[in-house]
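Please look at the structure below before reading on. The notes after it go from the chain as a whole down to single residues.

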Protein chains: 2
Amino acid sequence: MSKILPDSVQKLIDEFGKLPGIGPKTASRLVFYLLTKSNTDIESLGESVTNLKKNLVYCQECFNIAEQSPCNICADPKREKNTVMVVEEPLDVVALSKTSYNGLYHVLGGVISPIDGVGPEQLRVAELIAKLKEEKFDEMILATDPSLEGEATAMYIAKLVEKDKIKIKVTRIARGLPVGGDLEYADEITLTRALEGRNAY
Amino acid sequence: MSKILPDSVQKLIDEFGKLPGIGPKTASRLVFYLLTKSNTDIESLGESVTNLKKNLVYCQECFNIAEQSPCNICADPKREKNTVMVVEEPLDVVALSKTSYNGLYHVLGGVISPIDGVGPEQLRVAELIAKLKEEKFDEMILATDPSLEGEATAMYIAKLVEKDKIKIKVTRIARGLPVGGDLEYADEITLTRALEGRNAY
């Protein structure tokens with residue numbers, strides 16, 4: 001059979017197909033969309049990909065990705081330095097930055113997940129404990145995902161703090177009904193959590 | 001507010017967000033996935049994007065994208081040269097190449113769509129008619145999409161052939177129930193077409 005697609009087209013379809021959530025059909029659609037764009041637009045995208053990791057470092061304070069260490073958040077004088085929020089990934093910082101939270105972050109770089117071979121050593125747990133031991137913080141908010149692994153990681157960190165007798169208020173973000181959600185469709189674990197975490201009205 | 005994301009990360013999120021079907025959330029997810037990949041992988045993707053259009057030409061026979069003109073399909077001696085299938089886009093050729101069809105193609109480069117300002121002049125219609133006038137083909141299969149615009153474009157081409165008194169058998173791909181589909185969920189237009197196009201059994 002004669003080759004249907006030019007090499008450069010097939011290669012980019014293959015490359016796009018490696019990205020999460022992008023199957024071969026979507027990859028083709030993206031590539032053929034790009035083919036309708038100007039050379040300038042295509043080169044702009046290509047350069048953005050190639051330059052993605054250039055000049056990127058991990059902030060040595062919070063371990064978020066950044067252009068320099070300390071990062072903009074850690075170096076910001078307007079931020080409250082007495083609270084640290086522990087999150088899994090840099091994307092969590094992006095999401096939380098849209099709230100009114102104005103303290104510092106600590107990015108673990110993942111969650112404890114024995115099935116994926118990720119233990120506390122693979123995460124920035126030792127660095128977190130070292131920071132906490134300096135006792136500069138009044139409160140640590142555990143903001144790992146409300147998933148099995150996220151809960152286990154939060155619990156693991158809380159126990160370490162207790163074991164090391166670090167003086168700090170440890171809190172966990174509330175689990176409950178999402179705003180705009182529908183009570184009758186909520187699962188029983190979420191409902192149980194929403195009841196447990198009920199507040200005075 | 002302090003800048004949350006490094007410039008290179010934000011830039012690639014913006015670039016990915018311009019692609020069809022990729023919103024800002026998906027774009028972020030893709031970029032943060034890429035951040036976990038090696039520099040080699042990232043550069044490979046970047047180069048594939050940059051090189052996408054290099055060495056690409058339109059085949060001057062069928063107007064498909066190709067590495068040289070005539071393209072592999074038009075130049076293939078094993079293909080039947082007496083049938084031409086008219087399609088909208090290069091992706092349609094990819095889809096049809098998985099069938100047993102072994103003739104030639106003609107890629108229009110779109111469909112007639114007055115609302116988008118696309119008339120026959122913007123498409124490869126004149127080139128098609130010129131080819132047909134050489135009367136090398138026994139049959140032309142109109143394989144534009146079974147959409148409003150696709151049907152109108154097919155009808156427009158069929159009328160041109162009639163007006164120019166070109167001797168060729170003009171056919172249209174069958175509209176009917178998709179294989180594996182469920183009759184009770186089919187819309188009435190598809191059902192009407194399926195009845196109209198019924199075959200001896």
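What follows is a short briefing on a predicted model, grouped by topic.

**Domains and annotated regions of chain A**

- The domain assignment divides chain A into domain 1, residues 7-50, and domain 2, residues 80-182 + 186-195.
- Taken over C-alpha atoms, the centres of domain 1 of chain A and domain 2 of chain A are 36 Å apart.
- An unreviewed UniProt entry carries the annotation "domain: Toprim" for residues 82-178 of chain A.
- Over residues 82-178 of chain A, 33% of the chain is helix and 18% is strand, and 28 Å separate the end C-alpha atoms.
- UniProt (unreviewed entry) also lists the feature "zinc finger region: C4-type" at residues 59-74 of chain A.
- Residues 59-74 of chain A are 19% helix and 12% strand, with end C-alpha atoms 8 Å apart.

**The sheet of chain A**

- Four strands of chain A make an open sheet with parallel pairing, in the order β4-β3-β5-β6.
- The edges are β4 (104-107) and β6 (169-172) of chain A; each has a single partner strand, so one side of each has no neighbour in the sheet.
- From one strand to the next, the twist averages 25°.
- Four bridges link β3(A) to strand β5 (residues 139-142) of chain A, and the pairing is parallel.
- V86(A) has L142(A) in β5(A) as its bridge partner.
- Helix α6 (residues 125-133) of chain A lies across β3, β4 and β5 of chain A, and this helix runs at about 145° to β4(A).

**One residue of that sheet: T83(A)**

- T83(A) belongs to strand β3 (residues 83-87) of chain A.
- Is T83(A) buried or exposed? T83(A) counts as buried because its relative accessibility is 12%, and the cut-off for buried is under 20%.
- Leaving aside neighbours within four places in sequence, the contacts of T83(A) include Y101(A), G103(A) and L104(A).

- β3(B) pairs with β4(B) through four bridges in the parallel sense, and M85(B) stands opposite Y105(B) in β4(B).
- β3(B) also pairs with β5(B) in the parallel sense, again over four bridges, and V84(B) has M140(B) as its bridge partner in β5(B).
- Strand β5 (residues 139-142) of chain B is joined to β6(B) by four bridges, and the two run parallel.
- E139(B) faces K169(B) in β6(B), while M140(B) has V170(B) as its bridge partner there.

**Which way the side chains of chain B point**

- On β4(B), L104(B) and H106(B) are on one side and Y105(B) and V107(B) on the other; all are buried, and both faces of the strand are covered.
- On β5(B), E139(B) and I141(B) point one way and M140(B) and L142(B) the other way; all of these are buried.

**The nonpolar core**

- In soluble globular proteins, nonpolar side chains tend to be buried together.
- The largest nonpolar core here has 72 residues.
- Which members touch the most others? They are V9(A), F16(A), V9(B) and F16(B).
- L34(B) sits in helix α2 (residues 24-35) of chain B.
- L34(B) is buried because its relative accessible area is 4%, against a cut-off of under 20%.
- Beyond four places in sequence, L34(B) is in contact with L19(A) and L52(A) of chain A, and with L12(B), F16(B), I42(B) and L45(B) of chain B.
- L34(B) and L45(B) are eleven residues apart along the chain, and their C-alpha atoms are separated by 9.7 Å.

Conventions. Residues numbered from 1 in each chain as written. Chains lettered and ligands numbered in written order. Predicted model: local features only at pLDDT ≥ 70, side-chain atom pairs only at ≥ 80, totals over all residues. Heavy atoms only, no water. UniProt positions renumbered as here; feature names shortened; annotations may be inferred. Domains from an automatic or database assignment. Core = buried A, V, L, I, M, F, W, Y, C linked by side-chain atoms within 4.5 Å. Buried < 20%, exposed > 50% of the residue type's maximum accessible area, 1.4 Å probe, protein only. Pairing = 2+ DSSP bridges. Contact = heavy atoms within 4.5 Å. Axes fitted to C-alpha atoms, helices over the stretch in contact; angles between N-to-C directions.
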